[in-house]
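I opened my notebook to look up a few things in this model.

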Amino acid sequence: MTAIPQGRTRRTALLSAACALAVTGAMVLTGCSSEDPDAGTNGVGKLAPDRIQAKTRAAADAAPALRLSGTVVTSGRTYKLDMRLKADGGTGSVTSEGATFGLLRVGEQLYLKADADFWSHGGDAGTAGKLDGKYVKVPQGDPAYKKFSGFTDKAVLLDGLLTLHGKLATDGHHDQSGTRTIRITGDAGSGGTLDVSLQGQPYPLRLVRAGSAGTLRFSDWGKDFTVTEPAKSETVDYGKQLPTS
């Protein structure tokens, strides 16, 4: 056994202590090393921000299904969403101005489901009672179809949401519900921020929209679900236009 000189032991201990202090103070000292934040990840954290955005968009487009929840502000109105989306349909709930209603889209057919209070706002109590808890077919020519069908359309929503505005940059490594992420920003955050998963596929996990236009979380990527036409006994068809509400 070869004895280690006492001086060398002391120098090693001092160097280790200096490295620990350097990490704590976010300093860099020659001879000190820090853990690679991208070790064991999918590698997108090392890419340029525009490449990260392109990869997360491609992963999102290719995923067969997802869940989207949070808030969207559009035309001065705030909508709280909790939607499950796939290529041929979507289902979930929307809350706006204190009113909550369900949306179901099967192919091109959109249904709106709400209680009597929802339908009685601006309408008559008799009609509202008939629609209470029913799936009401939304005609494609009705303004409500254009307004609400986008909330059930995976392609439309992702196309409108997953684009940051302004100059792109990365903003460090973060964590979203236990999943390691890399954050990209537009115009230092004023153009929105997007957290992208560093584990598995580079799916978007959290979006803060530009202009205080809402915050959304994405989850259940790839988890399929079923959308089916409701039973006729649960469906109301008003033809070309919904009743006033």
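Before my first entry I noted a definition: buried means under 20% relative accessible area, exposed means over 50%, and partly exposed is in between, with a 1.4 Å probe and protein chains only. This is a predicted model, where local features need pLDDT of at least 70, side-chain atom pairs count only at pLDDT 80 or more, and totals for chains, interfaces and linings use all residues. Residues are numbered from 1 along each chain as its sequence is written, and side-chain values use heavy atoms, with hydrogens and water left out.

**Entry: S96**

I looked up S96 and found it in strand β3, residues 89-96. Strands are DSSP runs of E with at least two residues, helices are runs of H or I with at least four, and both are numbered from the N terminus. Is S96 buried or exposed? It is buried, because its relative accessible area is 8%.

Next I asked what the side chain of S96 reaches. It comes to 3.3 Å from the backbone oxygen of T78. I also listed the contacts of S96 (heavy atoms within 4.5 Å). Leaving aside neighbours within four places in sequence, they are R77, T78 and Y79.

**Entry: salt bridges**

I wrote the rule down: a side-chain nitrogen of Lys or Arg lies within 4 Å of a carboxyl oxygen of Asp or Glu. By this rule I have 8 salt bridges. One of them joins D61 and R57, with the closest N and O atoms 3.0 Å apart. Both residues sit in helix α2 (residues 49-62), 4 residues apart, so about one helical turn separates them. D61 is partly exposed, at a relative accessible area of 40%.

R57 also meets D159 in a salt bridge, at 3.3 Å from N to O. R57 is in helix α2 and D159 in helix α6 (residues 154-161), so this pair ties together parts 102 residues apart in sequence.

Another salt bridge links K223 to D220, where the closest N and O atoms are 3.6 Å apart. D220 is partly exposed, with a relative accessible area of 26%.

**Entry: rings**

Rings of Phe, Tyr and Trp (its six-membered ring) pair if their centres lie within 6.5 Å; planes under 30 degrees apart count as stacked, over 60 as edge-to-face and the rest as tilted. I get 8 aromatic pairs by this rule. Y203 and W221 make a stacked one, 4.7 Å centre to centre with 5° between the planes. This pair links distant parts of the chain, 18 residues apart: Y203 is in the loop between β9 (193-197) and β10 (204-208), and W221 in the loop between β11 (215-219) and β12 (235-236). Y203 is buried at 18% relative accessible area, and W221 is buried at 12%.

I also marked a cluster in which ring pairs link Y79, F101, F118, W119, F148 and F151. Y79 was already in my notes as a contact of S96.

**Entry: strands**

Two strands pair if DSSP finds at least two bridges between them. How do β5 and β6 pair? Strand β5 (residues 109-113) and strand β6 (residues 135-138) run in the antiparallel sense over 4 bridges, and L112 has V136 in β6 as its bridge partner. β6 and β12 pair in the parallel sense over 2 bridges, with Y135 standing opposite T235 in β12.

Note on methods
A polar contact is a pair of N or O atoms within 3.5 Å; within protein, one must be able to donate a hydrogen and the other to accept it, and residues adjacent in sequence count only if both atoms are side-chain atoms.
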